[in-house]
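Open the model in your viewer and keep the selection tool at hand. The tour below goes from stop to stop, saying what to select and what is there.

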Protein chains: 10
Amino acid sequence: MLFMVEMDLSVPLTFDQKEFERLKLTEKNHFQELQRSGKWRHIWRVTGHYANVSIFDVDNNAELHDLLTGLPLYPFMTIKVTPLNRHPSSLHDDDR
Amino acid sequence: MLFMVEMDLSVPLTFDQKEFERLKLTEKNHFQELQRSGKWRHIWRVTGHYANVSIFDVDNNAELHDLLTGLPLYPFMTIKVTPLNRHPSSLHDDDR
Amino acid sequence: MLFMVEMDLSVPLTFDQKEFERLKLTEKNHFQELQRSGKWRHIWRVTGHYANVSIFDVDNNAELHDLLTGLPLYPFMTIKVTPLNRHPSSLHDDDR
Amino acid sequence: MLFMVEMDLSVPLTFDQKEFERLKLTEKNHFQELQRSGKWRHIWRVTGHYANVSIFDVDNNAELHDLLTGLPLYPFMTIKVTPLNRHPSSLHDDDR
Amino acid sequence: MLFMVEMDLSVPLTFDQKEFERLKLTEKNHFQELQRSGKWRHIWRVTGHYANVSIFDVDNNAELHDLLTGLPLYPFMTIKVTPLNRHPSSLHDDDR
Amino acid sequence: MLFMVEMDLSVPLTFDQKEFERLKLTEKNHFQELQRSGKWRHIWRVTGHYANVSIFDVDNNAELHDLLTGLPLYPFMTIKVTPLNRHPSSLHDDDR
Amino acid sequence: MLFMVEMDLSVPLTFDQKEFERLKLTEKNHFQELQRSGKWRHIWRVTGHYANVSIFDVDNNAELHDLLTGLPLYPFMTIKVTPLNRHPSSLHDDDR
Amino acid sequence: MLFMVEMDLSVPLTFDQKEFERLKLTEKNHFQELQRSGKWRHIWRVTGHYANVSIFDVDNNAELHDLLTGLPLYPFMTIKVTPLNRHPSSLHDDDR
Amino acid sequence: MLFMVEMDLSVPLTFDQKEFERLKLTEKNHFQELQRSGKWRHIWRVTGHYANVSIFDVDNNAELHDLLTGLPLYPFMTIKVTPLNRHPSSLHDDDR
Amino acid sequence: MLFMVEMDLSVPLTFDQKEFERLKLTEKNHFQELQRSGKWRHIWRVTGHYANVSIFDVDNNAELHDLLTGLPLYPFMTIKVTPLNRHPSSLHDDDR
């Protein structure tokens with residue numbers, strides 16, 4: 001089941017730089033694991049912003065909730081979740 | 001170059017049904033041609049709405065403008081364009 | 001899988017009254033069939049508005065999309081869809 | 001009398017973790033007591049958010065006010081209250 | 001039980017003047033009956049607008065819904081409903 | 001002359017509790033004095049919020065400004081001021 | 001007593017031109033009478049818009065309401081009313 | 001050339017009181033100098049708010065920018081700038 | 001003196017096509033005359049929208065108002081005007 | 001390829017002044033280098049605000065992203081990116 005998730009990150013100017021770099025690295029590993037598993041199907045940077053647009057392919061809402069709230073950078077994110085469907089006119093098999 | 005385009009359709013209750021069905025069919029053919037060419041890389045329905053989220057892969061802004069304003073249903077759409085980049089952490093070659 | 005759907009209805013002052021009454025009756029029958037099937041688990045009126053808050057329990061996003069866009073009064077509605085999860089602290093078995 | 005209450009929680013990054021865990025536990029017990037009493041009829045998580053949608057069944061506005069402002073996590077919440085009615089088409093007796 | 005209701009009226013320029021005057025008169029009679037019954041406790045004009053702020057004292061949400069949707073000018077109104085409580089510091093007995 | 005004033009209070013989590021309790025007490029006395037004088041004609045709690053809706057009856061804008069900015073809790077408030085008129089259809093003498 | 005009133009005009013493309021020109025002329029005469037009386041103290045065009053910012057000096061809210069709703073072009077206006085006070089630091093006697 | 005400038009002030013609860021009083025006094029002197037020079041033609045308090053509405057008469061945009069950003073309280077302000085024109089119907093010579 | 005003007009066009013689906021084409025041609029000639037005179041210094045299309053971003057270099061607000069309201073397509077436009085200054089760090093002489 | 005970028009700066013009252021002056025100087029040098037290279041084609045101050053409107057001419061979205069996020073003052077900015085096209089009616093060769 002498909003969802004678009006838009007994640008905007010906001011880091012306070014006073015937050016410890018080293019601690020944030022450490023969290024970013026954990027986030028990256030976490031993300032790539034989910035990408036390999038096929039759960040996190042797509043990710044794109046939003047030009048000019050510390051933000052991304054992502055497509056998730058999960059079994060249900062509960063799984064999506066756990067994936068998102070488990071992200072190391074989740075406390076810094078503003079998140080928007082939009083449920084999607086395969087489009088009936090699409091010719092691509094993998095636009096599921 | 002990648003762009004997310006969100007299209008919301010609104011059809012006046014008084015608009016001629018047959019004329020709209022004809023436009024929808026033209027739109028579908030138009031869309032599938034662009035999908036085959038690789039320009040319209042992804043399309044998803046927004047659950048519960050007459051709307052879609054799409055990813056375009058075009059040469060430049062001008063090409064995107066011409067594709068969008070050339071759509072048969074363009075006069076019925078509210079459109080939001082968001083420029084995207086390949087994400088540096090992505091492992092997928094085709095998340096370009 | 002659970003979704004909250006908020007439906008606001010807006011009927012143009014000039015729309016034919018009899019035709020609208022006919023659509024409302026069809027909608028009511030349609031709704032009660034879905035309620036009996038367990039798909040449309042809850043519905044409440046929003047006080048003072050021609051609007052409702054509903055909880056759907058569906059197999060997936062696609063099923064929800066088809067249910068909503070198939071409603072006879074769908075063309076008069078502004079719709080907001082919010083994916084929900086069972087809450088971990090809930091003691092009620094049927095708050096699924 | 002029915003009300004929908006939407007609660008969004010926001011916890012400052014600098015807030016003491018242990019103190020917050022303690023408050024969360026008190027909140028959970030508080031919540032389950034209200035759920036058992038039938039006042040807090042439904043609760044659902046909002047997918048991807050530290051937020052819930054709830055349905056309260058209270059005697060009057062004053063009782064709802066006291067329940068909400070008495071929640072241990074109330075100072076962290078943004079709250080939206082929507083008065084609801086039983087829907088005339090509903091077949092379920094407990095959609096009161 | 002107390003509610004603030006804000007009503008904004010918008011009449012299309014093309015709506016029949018005589019018909020609207022007739023509706024306004026019915027509305028006025030309707031309103032004064034509710035005012036006499038004590039249900040519609042207060043009403044004030046919003047300066048410079050075709051709008052009012054009102055305080056209702058009703059038995060429950062259902063009664064409020066029926067009063068509002070039964071107003072002859074209801075189809076021309078945008079309505080906002082805010083549940084209120086007696087304020088604990090108030091010295092006035094009738095600020096119930 | 002009548003004004004509706006909506007006051008929303010927001011107290012930082014880190015603000016000194018005792019100092020705030022002291023300010024609240026001063027505010028209460030201040031408020032009741034104004035209520036007795038007839039300047040602060042009505043006050044209602046907004047259900048579920050640390051907020052009130054009030055009706056002021058003052059000589060002019062300047063007097064309203066001085067009353068509001070002189071409130072001990074003013075620095076914690078977000079305020080909305082709406083000028084009101086007696087409604088021509090009202091039967092109540094004290095809806096002035 | 002001073003008020004800022006912002007008036008934005010919107011004329012439907014299909015509205016009869018001659019009738020609108022006639023209304024505009026009546027409005028102008030109406031306005032100049034109010035300006036001469038000192039009630040409509042200032043008026044400025046908003047650059048690039050069919051809109052103005054005005055300062056009224058009236059006896060009370062009721063008078064302002066009657067002046068505004070009596071304007072021939074009132075049905076075409078979106079209006080915002082802001083109560084003002086003389087500023088304590090002002091050196092100009094006529095900034096009352 | 002005329003501009004409306006709306007200035008809203010927001011002072012953090014933790015900001016040093018004495019330092020702010022000192023800045024306010026400097027602001028007042030600064031303001032009165034500009035008022036005497038005719039650049040700051042009008043100023044009004046917004047009732048109930050720490051805010052003002054002002055009319056500036058400057059040579060050009062650059063001069064307005066320098067006046068505003070040079071105000072001692074500028075770092076506490078949210079500012080909205082609206083370019084204005086003399087209104088063609090105005091009878092007052094000084095509504096320039 | 002510099003201004004950014006953002007123009008969004010919205011043409012009703014029922015508006016006469018030929019009449020609109022005629023207006024567009026008049027607009028184009030009108031625009032190019034202003035461009036040649038140096039008043040309309042820059043114009044860009046907003047990708048995917050029937051809209052443009054423009055930079056005007058005019059003598060004062062009044063001239064800008066007359067230029068904009070004199071455009072043949074002005075009645076179809078939503079307009080936003082932002083006064084600009086030459087930037088102090090700019091190395092380009094023509095960024096005036 | 002052209003983009004409009006709107007940058008609004010917000011500096012916390014408590015941020016170290018000297019450190020900010022140092023960052024501003026680095027920003028200025030950085031900016032002028034980009035201006036000389038032709039990437040940052042235009043920049044204008046927004047009158048009355050610590051903000052600018054800029055036009056970038058870059059090879060693609062990725063280059064724009066790197067330029068913007070590499071700015072020394074980027075952590076203080078709220079940024080809005082709008083893709084632009086050359087306008088078909090423009091007579092200026094350099095409005096590319």
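**Stop 1: chains G and F**

This is a predicted model. Select chain G and chain F: 12 residues of chain G are in contact with 12 residues of chain F. Between them the two chains bury about 770 Å², and 60% of that area is on carbon and sulfur atoms. Now pick out Met1(G), Asn61(G) and Asn85(G), the residues of chain G that lose the most area to chain F. Together these three account for 61% of what the chain G side buries.

How many salt bridges does the rule find across the interface of chain G and chain F? The count is 0.

Next, colour chain G by its helices and strands. β1 (2-9), α2 (61-69) and β4 (77-86) of chain G each supply at least two residues of the side that touches chain F. Which element of chain G gives the most to that side? It is β4(G), with 4 residues. By type, the residues of chain G on this side divide into 7 nonpolar, 4 polar and 1 charged.

**Stop 2: two pairs of chains that do not touch**

Show chain C with chain G. These two chains have no contact, and their nearest C-alpha atoms are 17 Å apart. Then show chain D with chain H. No contact joins this pair either, and the closest C-alpha atoms of chain D and chain H lie 17 Å apart.

**Stop 3: the barrel of chains E and F**

Select the strands of chain E and chain F. Here 8 strands close into a barrel, with antiparallel pairing. To walk around the barrel, follow the order β1(E)-β3(E)-β2(E)-β4(F)-β1(F)-β3(F)-β2(F)-β4(E). Direction ignored, neighbouring strands of this sheet are turned by 35° against each other on average.

Zoom in on a place where the two chains join. Strand β4 (residues 77-86) of chain E pairs with strand β2 (residues 40-46) of chain F in the antiparallel sense, over 3 bridges. Select Asn85(E) there; its bridge partner in β2(F) is Arg45(F).

For a helix from within the pair, select α1 (residues 17-36) of chain F, which lies across β2 and β4 (77-86) of chain F and runs at about 135° to β2(F).

**Stop 4**

Chain A has 2 helices and 4 strands, and read along the sequence they follow the pattern β-α-β-β-α-β. Along its principal axes, the C-alpha trace of chain A spans about 50 × 25 × 20 Å.

Bring in chain B. In these two chains 8 strands close into a barrel in the order β1(A)-β3(A)-β2(A)-β4(B)-β1(B)-β3(B)-β2(B)-β4(A), with antiparallel pairing. From one strand to the next the twist averages 35°.

Look at β1 (residues 2-9) and β4 (residues 77-86) of chain A, an antiparallel pair held over 8 bridges. At Leu2(A), the bridge partner in β4(A) is Leu84(A).

Helix α1 (residues 17-36) of chain B touches β2 (40-46) and β4 (77-86) of chain B, and its direction makes about 135° with that of β2(B). Helix α2 (residues 61-69) of chain J touches β2 (40-46) of chain A together with β1 (2-9) and β4 of chain B, at about 75° to the direction of β4(B).

Conventions: Residues are numbered from 1 along each chain as its sequence is written. Chains are lettered from A and ligands numbered from 1 in the order in which they are written. This is a predicted model: local features need pLDDT of at least 70, side-chain atom pairs count only at pLDDT 80 or more; totals for chains, interfaces and linings use all residues. Side-chain values use heavy atoms; hydrogens and water are left out. Contact means heavy atoms within 4.5 Å. Buried area is the accessible area (1.4 Å probe) that two parts lose on being put together, summed over both. A salt bridge is a side-chain nitrogen of Lys or Arg within 4 Å of a carboxyl oxygen of Asp or Glu. Ala, Val, Leu, Ile, Met, Phe, Trp, Tyr, Cys and Pro count as nonpolar, Asp, Glu, Lys and Arg as charged, and the others, Gly among them, as polar. Two strands pair if DSSP finds at least two bridges between them. Axes are lines fitted to C-alpha atoms, for helices over the stretch in contact, and angles run from 0 to 180 degrees between N-to-C directions.
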